[in-house]
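Comments are arranged as numbered points.

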Amino acid sequence: ESNKAKVHLFAGSFEGEKISTRFFSELLGMDVQIFPRQSITITLNPRFEHALLILEGNCCIEKQVLEQ
């Protein structure tokens with residue numbers, strides 16, 4: 001947790017943290033809660049496919065606003 005966001009890692013590893021649960025393929029699962037009027041950068045592994053589910057609020061990726 002930081003002053004910008006709270007990250008809960010539930011699968012794989014991210015920024016030096018690793019979940020000990022065994023998986024049969026390499027993957028990453030995180031719940032990311034970004035605090036109001038804050039922004040964060042998440043470095044993605046280019047070997048993975050990525051998905052994003054916005055539950056509430058607004059989001060932009062590489063300065064592109066995601067529309068509802």
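Is Leu 66 buried or exposed, or does Leu 66 fall in between? Leu 66 is partly exposed, with a relative accessible area of 39%; buried means under 20% relative accessible area, exposed over 50%, and partly exposed in between (1.4 Å probe, protein chains only).

1. Basis of the note. This is a predicted model, in which local features need pLDDT of at least 70 and side-chain atom pairs count only at pLDDT 80 or more, while totals for chains, interfaces and linings use all residues. Residues are numbered from 1 along each chain as its sequence is written, and side-chain values use heavy atoms, with hydrogens and water left out.

2. Overall architecture. The protein has zero helices and six strands, in the order β-β-β-β-β-β along the sequence. Helices (H or I, at least four residues) and strands (E, at least two) are DSSP runs numbered from the N terminus. The C-alpha atoms fill a box of roughly 35 × 25 × 20 Å along the principal axes.

3. Burial and surface. Of the 68 residues in the protein, 10% are buried. The accessible surface comes to about 6,700 Å² (Shrake-Rupley method, 1.4 Å probe; for residues, only the protein chains shown count as cover). Carbon and sulfur atoms account for 50% of that surface.

4. Salt bridge. A search of the whole structure finds one salt bridge (a side-chain nitrogen of Lys or Arg within 4 Å of a carboxyl oxygen of Asp or Glu). Glu 26 pairs with Arg 47, the closest N and O atoms being 2.9 Å apart. The pair links distant parts of the chain, 21 residues apart: Glu 26 lies in the loop between E3 and strand E4 (29–34), and Arg 47 in the loop between E4 and E5. Glu 26 is exposed at 53% relative accessibility, and Arg 47 is exposed at 60%.

5. Backbone points to inspect. Glu 15, in the loop between strand E2 (13–14) and strand E3 (17–18), has a positive phi near 45° and is not a glycine. Lys 63, in the loop between strand E5 (60–61) and strand E6 (64–65), also has a positive phi, of about 65°. Glu 15 is exposed at 66% relative accessible area, and Lys 63 is exposed at 80%.
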